[in-house]
2 protein chains.
Amino acid sequence: MLAMIVLVSGRGSNLMSIQAAIEKGALDGRINAVISNKREAAALAFAKEKGLPAVWMNPKEEDGRMGYENRLFSEIEKIGSDCLVLAGYSFLLNWDVFRHYGKPILNIHPALLPAFPGMTAQRDALAYGVKYSGCTVHFVDGGMDSGPIIAQKPVPVMDLDDEERLSARILAEEHKLYPEVLTWLARGRIRRDGRIVRVLPDDAEEGGGRG
Amino acid sequence: MLAMIVLVSGRGSNLMSIQAAIEKGALDGRINAVISNKREAAALAFAKEKGLPAVWMNPKEEDGRMGYENRLFSEIEKIGSDCLVLAGYSFLLNWDVFRHYGKPILNIHPALLPAFPGMTAQRDALAYGVKYSGCTVHFVDGGMDSGPIIAQKPVPVMDLDDEERLSARILAEEHKLYPEVLTWLARGRIRRDGRIVRVLPDDAEEGGGRG
């Protein structure tokens, strides 16, 4: 049973897909808390609806970012979890604080990293004129969307795409990819060696092999 | 009939795939010359075998790179062509010279640009740990693999890949993608608007539409 704390800032559609995977039994996990840096995040309302602990951490309450980060870290340690799951969380985690977490921190990003890191990935992909973008689940490190990649899914860019259409097409893949990766994590199938991440075959699959 | 000059430095496997597309009638084009900056390029031997004009341009003959670039440009203008096709050409074209060419200059790159530009794309992709790389056909501009993208094809990276295995898997896709893009160019289907490149529907396809 993988105990997760999910960090959100917005509508929480990835949170919903993770919760749905738990409810249908595909993901052997539980969400110990949903924490948002934004009070109005729809993800918090969803969490309450599902009976999950929903916490708003106000970044403005403390003096400066470090105060907030330290308080967030304490809250996470107090609640307890096997991993941190960033799902549309709008802050870069301060690595001076979170390097001490010691357990996996995952993020999902709406581009095929290392292309188009940052907050405007879909817009940047359209402006560049790529024919494929996609989504990436990666371990978080100190950088901006720079951590070791666990899984990716390419998504075609269509001629008539605007940011909304492309974002929606990518998001549909995010909703499949993130729960699947968490299933791998729950089953202990993810191995990391420096920047290289491998996914072991599923013991449950007869003779299952990858790569 | 698309008249091409193909610039090469190596074995010329993309040149072979283009010539094969011409021979089987898929690409309405002809190769006016194959020009190499390396005398030992296997691509030159292939060109001769096929009865195509094969030209070695010695970069060391002249004083400095600009001398070579100007001589290359003169040779290209003398031969005449509708486009320049870079197929494993190891030099960055000097844009002070080649901006005056005035016709399309295409290149193929073994990565999903803008990820992993430069000469060691496959090695860089493996070192980064991406789960997908691929190939990109793009217009050449003054930068390193930075021009507007015409077409891309994602290729999965497998757990057991080394540089050779990944390169071979990408190359197989290059050999399909480059001739296809040249077919679009031959049929006047490519439209460029700044960085954005669109491919018009093929008139030959009944009601064919893209995007």
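**Ground rules.** I'm working with a predicted model, where local features need pLDDT of at least 70 and side-chain atom pairs count only at pLDDT 80 or more, while totals for chains, interfaces and linings use all residues. Residues are numbered from 1 along each chain as its sequence is written, chains are lettered from A and ligands numbered from 1 in the order in which they are written, and side-chain values use heavy atoms, with hydrogens and water left out.

**Where the chains touch.** I started with contact (heavy atoms within 4.5 Å). Chain A puts in 30 residues and chain B puts in 30 residues. Next I looked up buried area (the accessible area, 1.4 Å probe, that two parts lose on being put together, summed over both). The two chains bury about 2,400 Å² between them, with 57% of it on carbon and sulfur atoms. On chain B's side, B:Tyr128, B:Lys131 and B:Asp159 supply 28% of the area buried against chain A, more than any other three residues.

**Charges across the contact.** I found two salt bridges between the chains, a salt bridge being a side-chain nitrogen of Lys or Arg within 4 Å of a carboxyl oxygen of Asp or Glu. One salt bridge joins the side chains of B:Asp159 and A:Arg198, at 3.8 Å from N to O.

**Which elements take part.** I went by DSSP runs here (helices are H or I, at least four residues; strands are E, at least two; numbering is from the N terminus). In chain B, α5 (121-128), β7 (149-156) and β9 (196-199) each supply at least two residues of the side that touches chain A. The most comes from β7(B), with six residues.

**The sheet in chain B.** I traced an open sheet of seven strands, in the order β3-β2-β1-β4-β5-β6-β7, with mixed pairing (strands pair if DSSP finds at least two bridges between them). β3 (54-56) and β7 of chain B are the edges; each has a single partner strand, so one side of each has no neighbour in the sheet. Inside the sheet, β5 (105-109) and β6 (132-139) of chain B pair antiparallel over four bridges. I also noted that B:Asn107 has B:His138 in β6(B) as its bridge partner.

**Helices on the sheet.** For angles, axes are lines fitted to C-alpha atoms, for helices over the stretch in contact, and run from 0 to 180 degrees between N-to-C directions. Helix α2 (42-49) of chain B lies across β1, β2 and β3 of chain B, at about 150° to β3(B). Helix α6 (163-186) of chain B lies across β1, β4, β5, β6 and β7 of chain B, at about 155° to β7(B).
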